[in-house]
Amino acid sequence: MRRLTFRRPDDWHVHFRDGAMMKAVVPYTARAFGRAIVMLNLTPPVTTAALAEAYRARILSCVPEGVSFTPLMTCYLTDHTDARDLVAGHKAGIFTAAKLYPAHATTNSAHGVTSVETIMPVLEAMAENGIPLLTHGEVTRPEVDIFDREARFAEEVLAPLLARLPGLRVVMEHITTEEGAALVRAHAGRMGATITPQHLLYNRNALFQGGLRPHMYCLPVLKREQHRLALRKAATGGETCFFLGTDTAPHLRHLKEADCGCAGVFSAPVALAAYLQVFAEENQLDAFEGFASLNGPAFYGLAPNEERVAYEERPARIAEEIEVGEAGRLVSLFSGEAAPWSEVSEKRT
Ligand code: DOR
Ligand code: ZN
């Protein structure tokens, strides 16, 4: 049985939501990760430092006793973002970064940015003040095929923006294509990318395996095998510009198994096991700590976590469902199956 000890990892891309859902999901992330970059696409979105500070306090109230966990907040950019509030919020330690959702690209993005041109003064202020820009990197024009949206965003939006604002640091979130990985690599140093477990484990066939699979549906959508293989190489190859970001995105079961099902894979309970499986399959367990625990903090200018955790290749059965108060139930990645790796309990380390 293989075993691996590494610094406590961080998750550089999570969705916690609010209320009962937040209460149900925060403990999974907080137990496994030291810190997490929190997405603020709530309804309505969190667009000011004051709203972000209040939301951070609500998240902290859901962290189980005895668990040390730091939520890092992002500002949801809109066409009307106040650059002064963003910069002041960053200086005050409330905002770690700001997130660009192209309008209508994904869940709760109706208030997103209609064009990069509209927010150019905000982006200039971010470049000047060292505030990283996190992107949901997909164009939304209806004539662009959904499987091509990321590659087109990289070419049409991000590459020109990087040339125009050389001081801007950018994380391309949840990359799903070889084009995305190539752009990040070409700008390593000022650019990083998160990669989700589902995009490393599955290609787009998983959406249609024996029937329609709503729990495999997320955005950006799963891609062809060639892209999955390119992402595996990026994640496990020891390049410091790629780091762990699950994009764990909980939606109630009945809202995914619906006429118009929500996008998002809830992976928090099994995310580390899933990533470990990928690194083990690639025979790259030595590169795991870099991806999970070192590259992200280095990009954000933070120290890595000091605490060490140990995992072993011991399968653990994952519950079919997780209750979310009265509201409904959640289905996680690997639900009803076994997660291939488990944390070694303290008594056994
Ligand atoms: O699948 C996704 N779910 N992709 C996103 O970009 C948003 C997320 C969510 O908030 O549910
Ligand atoms: Zn996300």
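Me: In this predicted model, a pocket is an open set of grid points with protein on both sides within 12 Å along at least five of seven lines. What is the volume of the second largest pocket?
Reply: The lining of the second largest pocket is made up of 20 residues. Arg 213, His 215, Met 216, Ser 335 and Glu 337 lie nearest the centre of that pocket. Its volume is about 410 Å³.

Me: How many charged residues are in the lining of the second largest pocket?
Reply: Asp, Glu, Lys and Arg count as charged. Sorted by class, the lining of the second largest pocket holds nine nonpolar and five polar residues. The number of charged residues there is six.

Me: Which element gives the most to the lining of the largest pocket?
Reply: The largest pocket holds about 700 Å³ of space. Arg 31, Ala 32, Leu 272, Tyr 311 and Glu 343 are the closest to its centre among the 29 residues that line it. Two or more residues come from each of helix H1 (19-32), helix H10 (271-281), strand S10 (308-312) and strand S15 (342-343). With four residues, the element that gives the most is S10.

Me: Is His 15 buried or exposed?
Reply: A residue counts as buried when its relative accessible area is under 20%. The relative accessible area of His 15 is 6%, so this residue falls under that limit. His 13, at 0% relative accessibility, is also buried. His 15 is therefore buried.

Me: What space lies in the largest cavity?
Reply: The structure holds two cavities of 30 Å³ or more. Nearest the centre of the largest cavity are His 15, Thr 106, Thr 107, Leu 219 and Asp 247, out of 17 lining residues. The space in the largest cavity is about 110 Å³.

Me: Which helix gives the most to the lining of the second largest cavity?
Reply: The second largest cavity has a volume of about 30 Å³. Its lining includes Thr 176, His 199, His 227, Arg 228 and Leu 231. By class, the lining has three nonpolar, three polar and three charged residues. Three residues come from the helix that gives the most, H8 (residues 225-236).

Definitions and conventions: Residues numbered from 1 in each chain as written. Chains lettered and ligands numbered in written order. Predicted model: local features only at pLDDT ≥ 70, side-chain atom pairs only at ≥ 80, totals over all residues. Heavy atoms only, no water. Buried < 20%, exposed > 50% of the residue type's maximum accessible area, 1.4 Å probe, protein only. 1 Å grid on protein atoms, 1.4 Å probe; cavity = no way out; pocket = protein on both sides within 12 Å on 5 of 7 lines; lining within 4 Å. Points joined across faces, edges and corners; volume = space filled by probe spheres on them.
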